[in-house]
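Okay everyone, let's have a look at this one together. I'd like to talk about rings, then charges over rings, then a helix.

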Amino acid sequence: RYLEARGGIVKLHSVQSLRLTGTMELPGVTAPFVLELARPGRMRTEFTVEGQKGVRAWDGRTAWEQLPLPGERPRPMSPEDAAEARAQADVDFSPLVDAAAKGYTIELAGRDRLPGGDTWKLVVRGNDIPPRTLHLDAKTHLVVQTVDRRDVEGREVEFVTEVGDYRTVNGLVFPHRIEVGPKGSAERQRLVVL
């Protein structure tokens, strides 16, 4: 049902690359961004903060970044950031599309209730990522929330990603608002796709 809700597996497979533009909002900062994704598993994000360009990229083998600071040079990402970039380099925007081919197993963990309504709760496991919990809206079958654990300065922190404002683009359904932050924290990063 998730695949049907997104527009169907045939249409999803037909997409070889994507370019998304929008704004990235951090506490006290709003920055324009361009996210480019390409099969198989490549990603590049460019963003501008106070006139300085920042880049995060994964080419299928190497993850690197350039912070938006004067004189900053490109550098390899930390192993934790590289794993996150690798997971983000997915044209399908989901481990639920071709899960086995991507090295994921999916377990139905039952139903749950979030403030927005009833959800199906799925647990996604993969070789190189910690388990993630996905909540799919029980009516639309689209992902509305993801919960995972990330290493932050040597300690494990639970992060919540809220997904919404789904719109149809050329027959496929994509989220246009993604908010992520530590569970229970008011500090969030928000991506708004134009």
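So, aromatic pairs: the count comes to one here, going by ring centres within 6.5 Å for Phe, Tyr and Trp (its six-membered ring), with planes under 30 degrees apart called stacked, over 60 edge-to-face and the rest tilted. The rings are those of Phe93 and Phe174, with centres 5.9 Å apart and planes at 70 degrees, so we call the pair edge-to-face. Phe93 sits in the loop between H3 and strand S7 (104-114), and Phe174 in strand S12 (residues 172-182), so the pair ties together parts 81 residues apart in sequence.

Quick word on what you're looking at: this is a predicted model, where local features need pLDDT of at least 70, side-chain atom pairs count only at pLDDT 80 or more, and totals for chains, interfaces and linings use all residues. Residues are numbered from 1 along each chain as its sequence is written, and side-chain values use heavy atoms, with hydrogens and water left out.

Buried or exposed, what is Phe174? Phe174 is buried, at 8% relative accessible area, while Phe93, at 29%, is partly exposed (buried is under 20%, exposed over 50%, partly exposed in between, with a 1.4 Å probe and protein chains only).

Now charges over rings, meaning NZ of Lys or CZ of Arg within 6 Å of the ring centre and within 35 degrees of the ring normal. Arg86 has its charged end over the ring of Trp58, 5.3 Å from the centre. Arg111 lies over the face of Trp120, 4.6 Å from the ring centre.

Last, helix H3, residues 79-88: Ala82, Ala83 and Ala85 are buried there.

Note on methods
Helix = DSSP H or I, 4+ residues; strand = E, 2+ residues; numbered from the N terminus.
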